[in-house]
Amino acid sequence: MRQPILLSAKSLLPIFLFAALTSSALDGPLTPEQAMASFRLDPGLKIECVASEPDVVSPVAVAWDEQGRMFVVENRGYPVGPGKGLPPAGQVVMFEDTNGDGKYDKRTVFADKLTFPNGVMPWKGGVYVTCAPNLYYFKDTDGDGIADVKEIVLKGFQDLSTTQLRVSHPTLNIDNFVYLTSGLTSAKLKSPKHPEFPEVYLNRTDGRFNPLTEQIEPTAGMAQFGQSFDDFGHKFICMNREHIQHVLMQNKYLKRNPDFAFSDVAQSIPDHGAACRVYAKSANITTAASHTGFFTSACAVTLYRGTALPSEYEHNSFTCEPAGNLVHRDVLSNSNETFVASRAADGVEFLASPDNWCRPVNLAVGPDGALYVCDMYRKTIEHPDYLPEATRKITDFQSGKDKGRLYRISSATPTSAQNKSMGRKPNFAKMSVKEICNEFNNPNAWWRVTAQRILLERQDKAAVPILKSMVKNGKTPQARVHALRMLEGLNALADAEIQLALADKDANVREQGIQVAEVRLPKSAKLLSRVIELAGDPDARVRFQCALSLGEVSDDPKTIPALAKIAQRDMGDKWARAAVLTSVGHEADKLLHLLLASNTDQEGSAAMFVDLCKIVGVSEPRENIMTLLSEVTRSILPKDAGWQIASVNGIAEGLRSRTNPMSFASLLVGDSGAVMQLNLRIARLFKVAAEAAQDSKLPLSQRVVAVNFLGQSDYATSGATLAKLLEPTQASELQTAAVRALGQMNDVAALNTLVTREHWSSFTPSIRDAAVTAIVGRSNQVELLFTAIEKGDVQAWTINGDKRNQLMHSKDDKIKERATALFKDMNAGDRMKVYEEFKAVLSLHRNPANGHAMFQRTCTPCHTFAGEGKTVGPDLTGIRNQPDDVLLLHIMVPEFEIMPTYTLYNVETKDGNSISGLLATDTPTTITLRQAGGIEEQVPRAKIATMASSRLSLMPQELEKTMTKQELADLIGFLKGETSTTK
């Protein structure tokens with residue numbers, strides 16, 4: 001085997017300065033020595049090449065077992081396999097240090113003939129390996145270094161899409177479950193070893209399984225290729241342009257309150273934004289939907305929990321960006337119940353190579369505490385399926401298939417403690433149970449997690465008294481939490497240890513204490529009493545977990561006051577609000593009473609009341625709702641109008657979402673004095689809302705809430721106000737809200753307002769789409785649209801192709817017949833032919849300033865560019881590096897390339913409504929469809945009649961009809977980043 005190559009940041013400083021001054025990229029292939037000499041690395045660190053070709057080829061994952069053996073997964077077949085007639089090329093290679101000198105001197109192919117393996121985790125003397133459609137378990141039982149046990153643990157992971165979208169990253173978390181990423185796909189999983197287990201469906205969500213029973217279940221998060229956990233089990237994921245998200249909300253919490261339509265599970269935490277700028281030293285060539293200079297292939301998010309780097313790197317996050325040939329570093333800090341990730345340094349990356357072939361794709365922390373980097377080393381890293389056909393034909397996907405490097409990064413000037421730690425060799429087989437337990441005090445997480453795994457595998461009860469003592473006396477919070485969770489894994493956890501955790505001085509231990517106490521709360525008054533006390537904990541993360549766990553005992557009389565206490569303190573935080581509302585059970589009215597008696601004039605009150613009142617509207621009987629409405633509207637003052645409007649609107653929305661929907665107007669029918677008084681108050685509130693909607697001095701968000709509330713009234717009351725808000729001088733958010741408000745009025749006059757010639761001609765494509773959605777959503781009003789088209793007030797081509805197709809295939813024969821007559825000759829035609837015809841615009845002089853105006857008018861409802869616009873479709877920042885004809889292609893042929901994330905779904909509800917959009921989130925109880933303008937429509941699963949994906953794009957077709965050829969040329973000039981009129 002090759003000997004390791006070592007270079008320090010200090011020795012490379014002249015090279016770095018030269019690279020910075022020349023900004024010169026290097027086009028490989030470079031030798032490992034040349035590649036090492038070209039790296040930009042943080043000062044004070046050193047980098048070693050632990051292995052390179054031919055010893056390691058296309059490495060994509062690495063892990064070490066309790067003997068210190070290093071297992072490297074080689075995805076040699078990427079991207080499309082080895083070639084016709086050849087066996088699968090993927091394999092797992094085992095490296096060993098046989099003479100104890102700290103260098104790997106023996107290499108053995110542990111398992112081979114795998115399609116596209118991409119993840120590895122040691123278990124019981126063997127390894128789990130992810131290789132869709134299977135999760136494998138390999139083990140060598142005869143000592144020759146080659147696996148003779150090859151078991152399929154789980155089968156049914158999706159393997160029909162590209163090899164970038166696969167299950168990966170088997171990882172043991174502190175809760176004793178092994179977590180798997182979804183790869184942004186769904187899976188229907190069976191256990192061949194346990195046919196008695198039911199099939200488990202992972203609906204575009206991650207999973208976790210108990211390694212002792214091998215039973216899998218869905219878990220929150222939708223990671224692509226990368227997940228990591230901190231010392232206390234918090235999960236972090238990444239995908240393409242999102243380089244780090246924190247997963248906060250578990251599926252079990254969202255599932256238990258079907259009346260609360262909340263579907264977020266993860267928070268994007270970088271303060272420098274998702275799809276942030278990266279500082280490449282290479283040419284940073286990306287040939288797919290290009291985002292050069294920004295994250296586009298984020299993968300392998302890893303929280304550093306080792307000891308070989310200087311202390312300032314502890315608990316930092318690192319994310320690979322193989323398209324940019326770099327590794328990005330963020331510093332994490334606490335922010336309420338989540339975190340904020342901040343750049344470690346401006347203008348530079350932790351590790352960056354000018355070599356265009358350098359492809360860091362995965363990271364790991366080893367037994368020595370160092371950070372390891374898997375460099376796949378390829379000329380082209382993009383998958384051919386994401387390239388235009390013409391580009392695909394001329395792209396070299398083969399070069400580099402015989403290469404690969406594995407690097408190790410550590411301190412250039414290690415302390416004596418670091419030297420001692422890095423020199424220690426794992427040998428758990430010779431350690432006593434006490435010695436293994438003591439590893440929970442080790443600052444290097446690899447040793448802690450390995451000790452956890454060994455104890456979990458062995459199920460040795462001799463560890464129990466040692467662990468019980470450690471829960472109380474462990475030197476670090478990490479040790480105390482590991483002991484707590486390990487007792488749970490050994491089925492030896494008593495209430496006494498949980499009480500100790502709940503009273504621990506460290507907030508992380510208290511949080512974990514609540515989690516393990518949760519299942520015992522219904523039967524343990526003492527534990528419940530202590531958990532309720534934590535509703536007043538000074539730490540936001542503890543209060544968040546307290547709110548979530550109290551949902552297991554929502555019927556206990558002490559629970560709702562505790563939830564109210566948390567809500568009053570954390571009302572301005574959306575995650576805290578959600579935690580409380582998932583836990584309210586059938587006591588929403590009691591919580592509302594308590595909150596109304598407290599300070600309602602605070603940040604987040606409107607958001608809290610609208611969601612809480614939706615639950616009330618869905619679940620409470622009419623008489624309770626009338627009482628609560630009276631309480632909410634008792635005195636209508638300007639300072640209270642915001643939360644009052646939100647509250648009443650929430651109740652109205654809840655009424656419409658009932659199993660047997662009720663209109664808000666029907667609730668107010670009656671001739672009693674109480675009902676008449678309530679009608680007067682509501683009328684007053686509608687007047688206040690109309691004034692707020694038109695008040696340009698108010699925040700836009702507050703005006704939008706007011707417009708939404710006006711949709712609960714009738715056309716006679718609010719029609720004139722809403723019509724004014726359709727004018728093109730209004731913000732697009734207000735126009736869209738007004739369209740939706742008019743659309744939900746069951747009034748022909750309201751819908752006719754949308755299809756007047758004056759309004760329709762001024763609508764942008766996204767607002768037209770919102771109007772069509774509002775009309776098509778009511779099958780009994782579709783005729784209005786048809787009539788407007790026949791009169792010429794609405795041009796048929798302005799109806800999106802997907803909506804035309806939907807109407808022409810309606811189950812209502814009358815709608816189908818009339819739509820076919822109107823749209824049968826409206827086929828968008830051969831879009832590639834249109835593209836060819838419009839290539840002439842690329843030769844026109846371009847005015848990017850006018851192009852910016854076109855972008856604002858046409859594109860911002862769905863796309864962002866340099867922070868401007870809505871996040872619905874792909875971020876266009878960085879697309880300037882695309883060739884002109886490729887930009888034109890994607891504008892003219894929206895369906896040419898649709899990433900799975902941007903698939904359009906059409907949903908029909910049981911009450912006859914029709915909704916379309918991108919699937920933003922998907923939980924056990926609710927789906928969220930994201931529409932143009934960033935509008936999100938939440939649909940309870942119980943109300944879905946049919947749901948189907950569309951082959952078309954959400955992006956409007958025939959955009960060339962909404963602008964002149966010169967305006968199209970100007971738009972392309974703007975997207976190309978041109979700053980002055982140019983040809």
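Trainee: Why is helix α15 called largely enclosed by the rest of the structure?

Mentor: Eight of the nine residues of α15 (residues 574–582) are buried, so the helix is largely enclosed by the rest of the structure. Buried means under 20% relative accessible area, with a 1.4 Å probe and protein chains only. This is a predicted model, in which local features need pLDDT of at least 70 and side-chain atom pairs count only at pLDDT 80 or more, while totals for chains, interfaces and linings use all residues. Residues are numbered from 1 along each chain as its sequence is written, and side-chain values use heavy atoms, with hydrogens and water left out.

Trainee: Which residues of α15 are buried?

Mentor: They are Trp575, Ala576, Arg577, Ala578, Ala579, Val580, Leu581 and Thr582. Their packing partners include α13 (540–549) and α17 (605–619).

Trainee: What makes α13 and α15 roughly parallel?

Mentor: Their packing angle is about 20 degrees, and their axes, lines fitted to C-alpha atoms over the stretch in contact, are 7 Å apart. Angles under 35 degrees count as roughly parallel, and α13 and α15 are therefore roughly parallel to each other. Phe544, Ala547 and Leu548 of α13 meet residues of α15 including Trp575 and Ala579, where contact means heavy atoms within 4.5 Å.

Trainee: How do you know that β4 pairs with β5?

Mentor: Two strands pair if DSSP finds at least two bridges between them. Five bridges join β4 to β5 (residues 70–74), and the two run antiparallel. Trp64 stands opposite Met70 in β5.

Terms used:
Buried means under 20% relative accessible area, exposed over 50%, partly exposed in between (1.4 Å probe, protein chains only). Helices (H or I, at least four residues) and strands (E, at least two) are DSSP runs, numbered from the N terminus. Axes are lines fitted to C-alpha atoms, for helices over the stretch in contact, and angles run from 0 to 180 degrees between N-to-C directions. Angles under 35 degrees count as roughly parallel, over 145 as roughly antiparallel, 65 to 115 as roughly perpendicular and the rest as oblique.
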